[in-house]
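Hi,

Here is the structure I said I would pass on.

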Amino acid sequence: MRPPDTRQSASPDEDQLLSFDELIAKYEKKVFNLILRHINDYDDAADLTQETFINAYRAYGRFRGDSKVYTWLCQIALNACKNRFRQRDRVKPLTGPSLDEPVEDERGSVSRDFPDLTHAPHQVFEQKELGQQIEAAIAALPLDYRTVVILRDLQGLSYQEIAEAAGLSLETVKTRLHRGRLMLRRRLEPYLRG
């Protein structure tokens with residue numbers, strides 16, 4: 001899964017000789033830890049790590065080798081963190097009363113009690129309906145897109161494995177997967193809104 005190599009460096013860094021998948025395997029934990037230490041939120045760190053590697057993959061063909069690959073990945077990760085901080089600054093946090101603190105009434109302090117609705121009939125029904133809508137949306141995809149979506153998202157095959165299995169180029173697999181996912185998102189959007 002290595003993008004075209006357009007770099008020109010007299011003595012390439014040993015990391016430049018690795019495939020992009022190997023770079024991810026080698027640096028994913030280090031990049032994640034760097035981001036986690038900056039933003040202090042596990043879920044955001046996971047998202048930003050993925051975003052970092054997506055951005056790195058897109059720019060990998062233009063990487064000139066002026067610095068080490070890990071340094072370059074750190075730069076991308078730190079820029080992603082800065083962007084996330086800017087997003088956080090624009091959004092004003094809403095604060096409300098704590099659901100854990102007791103409420104005062106005429107009897108004194110009373111704890112709040114909320115029922116567990118995870119297995120409530122309407123929740124089970126909604127999950128089942130959403131599953132049916134997802135299956136219908138996948139079935140409605142044109143065959144070329146349906147094939148790659150099923151192989152990647154349901155079967156868990158790598159891009160390379162999909163390319164080999166379907167007899168396609170790696171770029172065609174990526175393009176079809178991206179377009180197929182966009183089609184699914186548009187079709188399922190009414191079901192995924194709050």
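Predicted model: local features only at pLDDT ≥ 70, side-chain atom pairs only at ≥ 80, totals over all residues.

Helix α4 (residues 121-140) packs against helix α7 (residues 170-192) at an angle of about 165°, the axes being 10 Å apart. Here axes are lines fitted to C-alpha atoms, for helices over the stretch in contact, and angles run from 0 to 180 degrees between N-to-C directions. Helices (H or I, at least four residues) and strands (E, at least two) are DSSP runs, numbered from the N terminus. That angle is why α4 and α7 come out as roughly antiparallel; the cut-offs are under 35 degrees for roughly parallel, over 145 for roughly antiparallel, 65 to 115 for roughly perpendicular, and oblique for the rest. From α4, Glu129, Leu130, Gln133, Ile134, Ala136, Ala137, Ile138 and Ala140 meet Leu184, Arg187, Leu188, Tyr191 and Leu192 of α7, with contact meaning heavy atoms within 4.5 Å. By class that contact of α4 with α7 has ten nonpolar, one polar and two charged residues (Ala, Val, Leu, Ile, Met, Phe, Trp, Tyr, Cys and Pro count as nonpolar, Asp, Glu, Lys and Arg as charged, and the others, Gly among them, as polar).

Residues are numbered from 1 along each chain as its sequence is written, and side-chain values use heavy atoms, with hydrogens and water left out.

Overall, the chain has seven helices and two strands, in the order α-α-α-β-β-α-α-α-α. Of its 194 residues, 26% are buried (under 20% relative accessible area; exposed is over 50%, partly exposed in between, with a 1.4 Å probe and protein chains only). Taking contacts between residues at least 6 apart in sequence, 57% join residues at least 24 apart.

α1 and α2 pack at about 140° with axes 9 Å apart, so they count as oblique to each other, and α1 passes α2 in a right-handed crossing. Among the α1 residues that meet α2 are Phe20, Tyr27, Phe32 and Ile39. The contact of α1 with α2 divides into 16 nonpolar, two polar and two charged residues. α1 also comes up against α3: their axes come within 10 Å and cross at roughly 35°, again right-handed.

Two single residues to check. Asn40, in the loop between α1 and α2, has a positive phi of about 60° although it is not a glycine. Asn40 is exposed, because its relative accessible area is 70%. Asp144 sits in helix α5 (residues 143-154) and is partly exposed at 43% relative accessibility. Asp144 and Gly180 are 36 residues apart in sequence, with their C-alpha atoms 8.8 Å apart in space.

Cheers

Note on methods
Left-handed = near helix turned anticlockwise from the far one by under 90°.
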